[in-house]
Amino acid sequence: MSARFFKAVRAELGEDAVDLTDDTLAAYGANRLPGGDRCPRGVLYPRTVREVQLIVQLANQHDVTLWPTSTGQNLGLGEFSPVRAGQAVVHLGRRMNRIVEVDETLGYAVIEPGVTFRQLRAELAARGDKFMISSTSGPPDGGILGNALDRGAGYTPYFDHFGMLCGLEVVLGNGEVISTGDAALPGAKSGHVNKSGFGPLLDGLFSQSNYGIVTRAAIWLMPRPPVIRSFGFTFPEEDDLAEIIDLVRPLKMANVVPTLIKVTSAEYAFTTRERYPFDRTGGATPLPEELRRELATKHGIGAWTVTGACYGPSAEAVQPTIERIRAHLGASGRATYLSHETVAANPVLAIHLDTFSGEPTDAELGLLDWRPGGGATWFLPATPMIGEVAAEQQRVSLDILTRFGFERCVEFVCGPRAARALHVVVFNRADPAECRRMDDCYAALVAAYDELGYPIGRTPTDWQERAMGRLPGLAAVTSAVKGALDPNRVLAPGKYGI
């Protein structure tokens, strides 16, 4: 059946729309996860929404399953590789990479799946830098739509990337094309600015799901402030975390700090610039405490480093707010203040200033090479902004990761009520025993956090079906929706366990 499918796609889209070569299949099956590579059946390169629609229609006819992806830059979450081997990758970003429109009055850009953070940043700069994007700390060549639809996020006031989408154009699993919000009316002039018009909000159906392929959407843009001034504070001890979270919460609750506030562990910070010192540990893992402290001191950070930024018309106008923050966080007697100039001059902290400024950066990606072998995965629970809760979670994380021989690299990205607790676990993927240990470690983390009452969110493809298996009620509902919108289940069966 698949041979006839690929022949039919070539007939409709052209010879260069299909690649079945061994090297390409191996490249698109590669990932950094412990479960191993997942080789696709083929790779497809559509140019337009009509070509995507044709691919989906032909997949229904020939009983072929598809794995749509934008740019494959979700490092540590799966990259291009499908959730199940044998699915045909639909690489949307290869050819569907146009910035269709930039509206500098209402502040939005209409983009296709291949538009990257770097690309949109360059376009806005060329237009005079009146607006700024909300970038991740991940690859600058990551796709904006793919990140938003997987509920990735940034650090500016526009951090909620999915929330900033409007007017999605979607090819459903049954081959139909729909638009969401006001864009549901053909010719609507408010389709890119109003998503809460008539009827139910459909946008959420296409986030972390497999009901349709989003081929175009508007992303809302923030006006670039004239001045961005960062701040930092280091805290010396692991046990300072509870007090830090309780101090950060009111700053965000009252919106004193417009950006999200990062609370970064020493390991998360210095691994962006260091490699594991096996020669000094005799090959033992995880990193001993004395070396952790040594590396933190080397890079001018504490056990925890707090960073954020303020916006304003001038440095003088921003300074009173910085002083207010400094007095608030300094009241603990535990914090050492870091000025904007200090943050900007320190490579492990300048990463944060970039993200608060809407500047795509690859400087944080060095942490993926902390250990040899190229393995990395993400564990992403939410943390209520209560100090003792954060401390309890981290006692659990530290215990489990240490027991399995891994470092606890975590960064809390704090809002007023909850933080994203970004755990990056780096391991030697070339070592089968270490891969098995990593998978067992992930299972232990999931089970422990479930027991505490804090389930995981965004999940690597290795774990999506297992994660859904913990949630039978959600599994039943999402399966029913799948049957309605994709009755032959051709779109990414197994993605997020659906």
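## A walk through the predicted model

The axes of helix 1 (residues 2-13) and helix 3 (residues 49-62) come within 10 Å and cross at roughly 155°. This is a predicted model. Angles over 145 degrees count as roughly antiparallel, and helix 1 and helix 3 are therefore roughly antiparallel to each other. Their crossing is right-handed. Helix 1 contributes Arg4, Phe5, Ala8, Val9, Glu12 and Leu13 to the contact. Helix 3 answers with Glu51, Leu54, Ile55, Leu58, Ala59 and His62. By class, this contact has eight nonpolar, one polar and three charged residues.

Now the sheets. Strands of a sheet pair through backbone hydrogen bonds, either parallel or antiparallel. Strand 1 runs antiparallel to strand 2 (residues 43-44), and two bridges join them. Here Val18 stands opposite Leu44 of strand 2.

Another open sheet is built from five strands in the order 5-6-10-8-9, with antiparallel pairing. Its edges are strand 5 and strand 9 (177-179). Each of these edge strands has a single partner, so one side of each lacks a neighbour in the sheet. From one strand to the next, the twist averages 15°. Helices pack against this sheet. Helix 4 touches strand 5, strand 6 and strand 10, and its direction makes about 45° with that of strand 5. Helix 3 lies across strand 8, strand 9 and strand 10. It runs at about 40° to strand 8.

Take the strands in sheet order. Strand 5 (residues 99-103) and strand 6 run antiparallel and are joined by four bridges. Ile99 stands opposite Ile111 of strand 6. Glu101 has Val110 of strand 6 as its bridge partner. The two strands form a hairpin with four residues between them. In that hairpin, Gly107 takes a positive phi near 75°. On its other pairing, strand 6 is joined to strand 10 (residues 212-220) by four bridges, again running antiparallel. There Ile111 stands opposite Ala217 of strand 10.

Which way do the side chains of strand 6 (residues 108-111) point? In a regular strand the side chains alternate between the two faces of the sheet. Tyr108 and Val110 point one way, and Ala109 and Ile111 the other way. All four are buried.

Next come some backbone details in the loops. Asp129 has a positive phi of about 60° although it is not a glycine. Its place is in the loop between helix 4 (117-126) and strand 7 (131-132). With a relative accessible area of 44%, Arg151 is partly exposed.

Further along, the peptide bond from Thr285 to Pro286 is cis, with omega near 0°. Pro286 is found in the loop between helix 8 (278-281) and helix 9 (289-298).

Helix 12 (residues 347-356) raises the matter of burial again. Eight of its 10 residues are buried, so helix 12 is largely enclosed by the rest of the structure. The buried residues are Val348, Leu349, Ala350, Ile351, His352, Leu353, Thr355 and Phe356. Gly358 follows helix 12, and its phi is positive, near 70°.

The tour ends with another helix pair. The axes of helix 13 (residues 387-403) and helix 14 (residues 432-452) come within 10 Å and cross at roughly 155°. That makes helix 13 roughly antiparallel to helix 14. Helix 13 passes helix 14 in a right-handed crossing. On helix 13, the contact is made by Glu392, Gln393, Gln394, Val396, Ser397, Ile400 and Leu401. On helix 14, it is made by Cys441, Ala444, Leu445, Ala448, Tyr449 and Leu452. The residues of this contact divide into nine nonpolar, three polar and one charged.

Methods:
Residues numbered from 1 in each chain as written. Predicted model: local features only at pLDDT ≥ 70, side-chain atom pairs only at ≥ 80, totals over all residues. Heavy atoms only, no water. Axes fitted to C-alpha atoms, helices over the stretch in contact; angles between N-to-C directions. Parallel < 35°, antiparallel > 145°, perpendicular 65-115°, else oblique. Left-handed = near helix turned anticlockwise from the far one by under 90°. Contact = heavy atoms within 4.5 Å. Nonpolar A, V, L, I, M, F, W, Y, C, P; charged D, E, K, R; others polar. Pairing = 2+ DSSP bridges. Buried < 20%, exposed > 50% of the residue type's maximum accessible area, 1.4 Å probe, protein only.
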